[in-house]
Amino acid sequence: MKDLNVDSLNPKDVKDHLPMDPQEEMQAVQAYADAGITLHAAGAIYFRKDEDEDIRSKFEYCKRAKIPVIVAGDPDPETLPRIEKFVKEYDIRLAIHNHGPEDKIWHSPLDVLKAVKNMDPRIGCCIDVGHTMRAGTDVVQAIHEVGPRLFNLHMKDLTDFQSKESQVPVGAGKMPVRDIFKALIAINYKGYVDLEYEVHADNPMPGVIASFSYMRGVLAGMGYGEKGK
């Protein structure tokens, strides 16, 4: 992350990111802090039970780490009223992540918006741009429609909007990256754009470096600083 000049992270609730075990979690939190890394979200975290104890454990996990946004993977719509109670109690935002055409419920951000539009304003979306396009939804239009309920965005690029296996470094595919950034600026988005590079796990850095370089170049061309701030 230092090589990439990145100082903010959305970790996952796994051992080599941010463990769920309280003691191990706090050790990881301290290690991130010592390295000058801010944790701005956590997830995707899965809410598989419509039970207070299970839901509370996820909110306590993020509260301990002072994480303001939970990226939620595939919560059942019937659990949302119960989850909403904890959003209010903990004042932690919940961003439901869409997972494309394979997802039984949350194909696109518009499905999320339809389900949460009358709920607490701290319940909203994490837009995955790749899954959104594969679901047949215009991601730029979705950003505008979701508006203030957009709390996180996962960036990736694809050469084929019908195939999630076609992922490439950002800038090497068909994703309308500049238009995505224009839309985020237009809605006055205050969150993070998280690179989600899920290929070449044995040697990801070349693709990660290329992705950040391209995005920063796009932002620089739009008159924004090196880190897009």
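Predicted model: local features only at pLDDT ≥ 70, side-chain atom pairs only at ≥ 80, totals over all residues.

Which helices and strands each supply at least two residues of the lining of the largest pocket? They are strand 1 (8-9), strand 3 (42-46), helix 7 (177-186), strand 10 (193-195) and helix 8 (205-221).

**The largest pocket**

- The largest pocket holds about 1600 Å³ of space, and 50 residues line this pocket.
- Ser 8, Val 193, Asp 194, Leu 195 and Phe 212 are the lining residues closest to its centre.
- Among the contributing elements, helix 8 gives the most to the lining of the largest pocket, namely six residues.
- By class, the lining of the largest pocket comprises 24 nonpolar, 13 polar and 13 charged residues.

**The second largest pocket**

- The second largest pocket contains about 200 Å³ of space.
- Its lining is made up of 16 residues, of which Arg 93, Leu 150, Tyr 189, Lys 190 and Gly 191 are the closest to the centre.
- Strand 7 (residues 150-155) gives the most to the lining of the second largest pocket, with three residues.
- Nine nonpolar, five polar and two charged residues form the lining of the second largest pocket.

**Nonpolar cores**

- In soluble globular proteins, nonpolar side chains tend to be buried together.
- The largest nonpolar core of this model has 61 residues, and Phe 59, Leu 153 and Ile 180 touch the most other members.
- Apart from this core lies another, of seven residues, which include Ala 41, Val 71, Cys 126 and Phe 151.
- Beyond its neighbours within four places in sequence, Phe 59 is in contact with Phe 47, Ile 70, Ile 83, Phe 86, Val 87, Tyr 90 and Ile 92.

**Ser 211, a residue of helix 8**

- Ser 211 lies in helix 8.
- Ser 211 counts as buried because its relative accessible area is 0%, and buried means under 20%.
- A polar atom of the Ser 211 side chain lies 2.9 Å from the backbone nitrogen of Val 170, and the side chain of Ser 211 also reaches the backbone oxygen of Gly 207 at 2.8 Å.
- Neighbours within four places in sequence aside, Ser 211 is in contact with Pro 169, Val 170, Leu 195 and Tyr 197.

**Asp 74, a residue of a loop**

- Asp 74 is found in the loop between strand 4 (69-73) and helix 3 (80-90).
- With a relative accessible area of 33%, Asp 74 is partly exposed.
- The side chains of Asp 74 and His 99 make a polar contact at 3.1 Å.
- Setting aside neighbours within four places in sequence, Asp 74 is in contact with Tyr 46, His 97, His 99, Asp 103 and Trp 106.
- Asp 74 and Phe 47 are 27 residues apart along the chain, and their C-alpha atoms are separated by 7.3 Å.

**Backbone geometry**

- Most residues other than glycine have a negative phi, and most peptide bonds are trans.
- Gly 43 and Ala 44 are joined by a cis peptide bond, with omega of about 10°; Ala 44 is found in strand 3.
- Asn 188, in the loop between helix 7 and strand 10, has a positive phi near 60°.
- His 200, in the loop between strand 10 and helix 8, has a positive phi of about 55° although it is not a glycine.
- His 200 counts as exposed because its relative accessibility is 51%, and exposed means over 50%.

Notes: Residues numbered from 1 in each chain as written. Heavy atoms only, no water. 1 Å grid on protein atoms, 1.4 Å probe; cavity = no way out; pocket = protein on both sides within 12 Å on 5 of 7 lines; lining within 4 Å. Points joined across faces, edges and corners; volume = space filled by probe spheres on them. Helix = DSSP H or I, 4+ residues; strand = E, 2+ residues; numbered from the N terminus. Nonpolar A, V, L, I, M, F, W, Y, C, P; charged D, E, K, R; others polar. Buried < 20%, exposed > 50% of the residue type's maximum accessible area, 1.4 Å probe, protein only. Polar contact = N/O pair within 3.5 Å; in protein donor to acceptor, adjacent residues only side chain to side chain. Contact = heavy atoms within 4.5 Å. Core = buried A, V, L, I, M, F, W, Y, C linked by side-chain atoms within 4.5 Å.
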